[in-house]
Amino acid sequence: MTLAVRYTAARTLDTAPATPCAPGPGEVELAPAFVGICGTDLHIFHGDMDARVAAPAVLGHEMSGRVVRVGPEVDGWRAGDAVTVMPLRWDDTCPACRSGHQHVCQHLDFIGIDSPGAMQQRWTVPASTLVRLPDSLPLDRAALVEPTAVAVHDVGRAGVAAGERVVVVGGGPVGILIALVARAAGAGVRVVELNPHRRSLAEALGITTWNPANEDVPALVGQWTGDAGADIAFEVSGAAGGVDTAVEVLGVRGRLCLVAIHPRPREVNLHRFFWRELTLVGARLYDRSDFEKAVALVADGTIPADRLISKVVPLTQAPAAFEALEGGGDVMKILVDCTDDTEGATA
């Protein structure tokens, strides 16, 4: 018998015994080591996704761990292999899949939301979702591969090129990762963020930040760019004001990449889009090449994952960790340690 963190109702999580599911054909059983808590997990915790999430539901999709057992018809994997999971299962038959965009399958199973996730001591998944980790990469840092893959995909969708000026509106974990990936691509980067702890962390990583509460961000962008405006803005805040800022800072033919999930319609200054011939692109999830690049960026230290991890808590304290994240404050990324005395995964 193992343990799993389960969402049972709005603002209610428990840690309950779970029976491991033996891997069937094409499946592997994993021992998750570390699982990150992300914004989507918090939305589930708040009850905002009850129409999609069937309680009791095991959460978690940002993970690292090791293979425990391999099912029939699985080649190339063996017990002990260090892995992360690209938590997407698509049908390969819908129009999106047939056009080569499986990551936005019209019947997508996002593992950890639509089906059981990683916040448990044993987890059975399709072998096709596994992404190999280098043995040299500590497993706690490897838990940030999935959100890094999000950032890699976002930067790719926006077409960031060396020498461009990029404004990231929202300095949470994904916003900081986007800034780091864009900087690695050769762009100049600024982050707009209200939270002083997040600004301080970004500055410590060498990223200039602006506080929209007491600074005129569009004016600062004008000074930075010689009144040309930014080439690209990423909206990662999820707030109406963030949308306004992201549009306002763009120069002629600038690109706005929408990353945050806005659960309700927002007013957008369409005149600005007309007047400056702006482009809006959406960015959702990732594909395997994004994941593989993310592994490389975390492994070589381009993404300083250890500095983004605020706290690591044991699995039994995961419910309290969700409450700690709600307040924001001095927390960036919390990891849940799912290891036990028998599974052998180490950081």
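Which side chain does E326 meet in a salt bridge? Hold that thought for a second. This is a predicted model, so everything I say is computed from it.

Now the answer. The partner is R11, with N to O at 2.4 Å. Look at where the two residues sit. E326 belongs to helix 12, residues 318–326. R11 lies in the loop between strand 1 (2–9) and strand 2 (12–18). That puts the partners 315 residues apart, so the pair links distant parts of the chain. What about accessibility? E326 is partly exposed, at a relative accessible area of 32%. R11 is partly exposed too, at 46%.

For context, the search of the whole structure finds 12 salt bridges. I will show two others.

Next pair: R69 and E29. Their closest N and O atoms are 2.5 Å apart. R69 is in strand 5, residues 62–70. E29 is in strand 3, residues 27–36. Here the separation is 40 residues, again linking distant parts of the chain. Is E29 buried or exposed? E29 counts as buried, because its relative accessibility is 3% and the cut-off for buried is under 20%. R69, at 38%, is partly exposed.

The closest N and O atoms are 3.8 Å apart. The salt-bridge cut-off is 4 Å, so this pair is in. R272 sits in helix 9, residues 270–276. E248 sits in helix 8, residues 240–248. They are 24 residues apart. E248 is partly exposed, at 35%.

One more point on charges. Which residues do shared partners join into one network? They are E29, R69 and R122.

Now to helix packing. Take helix 4, residues 145–158, and helix 10, residues 288–299. They pack at an angle of about 115 degrees. Their axes are 8 Å apart. The crossing of helix 4 past helix 10 is right-handed.

Who touches whom? From helix 4 we have V145, E146, T148, A149, V152 and H153. From helix 10 they meet D290, F291, K293, A294, V295, L297 and V298. By class, the contact divides into eight nonpolar residues, two polar and three charged.

To recap. E326 and R11 bridge across 315 residues of chain. Helix 4 and helix 10 cross at about 115 degrees. That is my set.

Conventions:
Residues are numbered from 1 along each chain as its sequence is written. This is a predicted model: local features need pLDDT of at least 70, side-chain atom pairs count only at pLDDT 80 or more; totals for chains, interfaces and linings use all residues. Side-chain values use heavy atoms; hydrogens and water are left out. Axes are lines fitted to C-alpha atoms, for helices over the stretch in contact, and angles run from 0 to 180 degrees between N-to-C directions. Helices (H or I, at least four residues) and strands (E, at least two) are DSSP runs, numbered from the N terminus. A crossing is left-handed if the near helix is turned anticlockwise from the far one by less than a right angle, and right-handed if clockwise. Contact means heavy atoms within 4.5 Å. Ala, Val, Leu, Ile, Met, Phe, Trp, Tyr, Cys and Pro count as nonpolar, Asp, Glu, Lys and Arg as charged, and the others, Gly among them, as polar. Buried means under 20% relative accessible area, exposed over 50%, partly exposed in between (1.4 Å probe, protein chains only).
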